[in-house]
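Please look at the sequence and the model shown here before reading on.

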Amino acid sequence: MRVMMTLAGLFFLTFIGVSQRDFTTVEIKETLVKDNYYMLEGSGGNILIYIGFAEVLMIDSQFAPLSDKIKLKIDQLSGGKPITYLINTHHHGDHTGGNGNFSEDAMIIAHKNVKKRLSTDQHSKAFNKTTKAKDPSFWPRLIYAFQMELTFENNEVELVHLPHAHTDGDTGVLFKKDNVLHLGDTFFKDRFPYIDLGSGGTIDGLINGLAIASLYIDNETKIIPGHGKLATKEDLDNYLVMLKTLKRRVVKASANGKSLEEIKASGIDKGYEEWGTGFINADKFIDTIWTDLNREEGN
Ligand SMILES: [Zn+2]
């Protein structure tokens, strides 16, 4: 229950804005993923760090007020090695809020739509909130469109774009040799997803992207979800089955002439009741699927 509340809290904080939040009590906790890889949890999206011989590669940066604590933790774990690369899994503030505090030393890398969204005002219809454009110190300096392969020391790091999944700028980051994958917010372990329809996310893109990601990995792969605990391929495959099942149920009920309200009231989350106890409950997820499938082309 405590984990559940924490997860719900993390998501909520993403959208109420950083200024209303007191970060002084937040601790940065590390989980050893495997040798030289740590997942860091504080407030916001999960960070993954890879400690190389001489440098550190970091994925996502949580919120700006936590940057000093994150740097201190990475310093302790790495013995003071510099952070030279920062990859963003997508543009949301709970994953990129610290960018400006790392960009002096680190080359920020992301999909091109992350730069587009960080450099312009973003309005969320779902949360009725406008996020102002960030200054250039937050923007990725190295961007890609489809796929990118980075050699970091002797490690091959593959950046794979998942088109129109959680947003329109999602990157899955795969460390091929060591079999570690960060999926950003395209994957929440044992929870319904948040699909940001206003930022180009879609249910079909999410399913297709993760189905491909699942083909790249095996039962030994360590998967870092955007939020929640370290996961496995089995967790990812369970999540995929859930996504496909719920989508199919909504499509079928719609085809049978059911209204959105009737679909919500029909117990369509049967077998997945536990998945809706976090930030996205069953009603919100059904609403998202329905809205996505019924919107006009181009919206
Ligand atoms: Zn997100």
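## Helix 2 and its packing

The buried residues of helix 2 pack against strand 1, strand 2, strand 3, strand 4 and strand 5. This is a predicted model: local features need pLDDT of at least 70, side-chain atom pairs count only at pLDDT 80 or more, and totals for chains, interfaces and linings use all residues. Residues are numbered from 1 along each chain as its sequence is written. Helices (H or I, at least four residues) and strands (E, at least two) are DSSP runs, numbered from the N terminus.

I70, K73 and I74 are the buried residues in helix 2. Seen down the helix axis, the buried residues of helix 2 fall within an arc of 95°, so they line one face of the helix; the arc is that of the directions from the helix axis to the C-beta atoms. D68, L72 and Q76 are exposed on the other side of helix 2. A residue is buried if 20 or more other C-beta atoms lie within 10 Å of its own, exposed if 12 or fewer, and partly exposed in between, with C-beta atoms placed from the backbone.

Helix 2 (residues 67–78) runs at about 30° to strand 3 (47–51). Axes are lines fitted to C-alpha atoms, for helices over the stretch in contact, and angles run from 0 to 180 degrees between N-to-C directions. The end C-alpha atoms of helix 2 are 16 Å apart, which agrees with the 16 Å that its 12 residues should span at 1.5 Å a residue; the expected span is 1.5 Å times one less than the number of residues. G79 follows helix 2 and has a positive phi, near 70°.

Seven strands form an open sheet with mixed pairing, in the order 1-2-3-4-5-6-9. Strand 1 (29–34) and strand 9 (142–144) are the edge strands, each pairing on one side only. From one strand to the next, the twist averages 20°. Two strands pair if DSSP finds at least two bridges between them.

Strand 1 pairs with strand 2 (residues 37–41) in the antiparallel sense over five bridges. In strand 2, Y38 stands opposite L32.

Strand 13 (residues 180–182) and strand 14 pair in the parallel sense over three bridges. I223 in strand 14 is the bridge partner of L181.

## Helix 7

Helix 7 (residues 233–255) has 23 residues and reaches 33 Å from its first C-alpha to its last, close to the 33 Å expected. L236, Y239, L243, L246 and V250 are its buried residues. The buried residues of helix 7 pack against helix 6 (203–216), strand 14 (222–224), helix 8 (260–264) and helix 9 (282–294). Helix 7 is followed by G257, with a positive phi near 85°.

## N113

N113 lies in helix 5 (residues 112–118). N113 is buried, with 21 other C-beta atoms within 10 Å. Leaving aside its neighbours within four places in sequence, N113 is in contact (C-beta atoms, placed from the backbone, within 7 Å) with D168, G169 and G200. N113 and T25 are 88 residues apart in sequence, and their C-alpha atoms are 33 Å apart in space.

Technical notes: Two residues are in contact if their C-beta atoms, placed from the backbone, lie within 7 Å.
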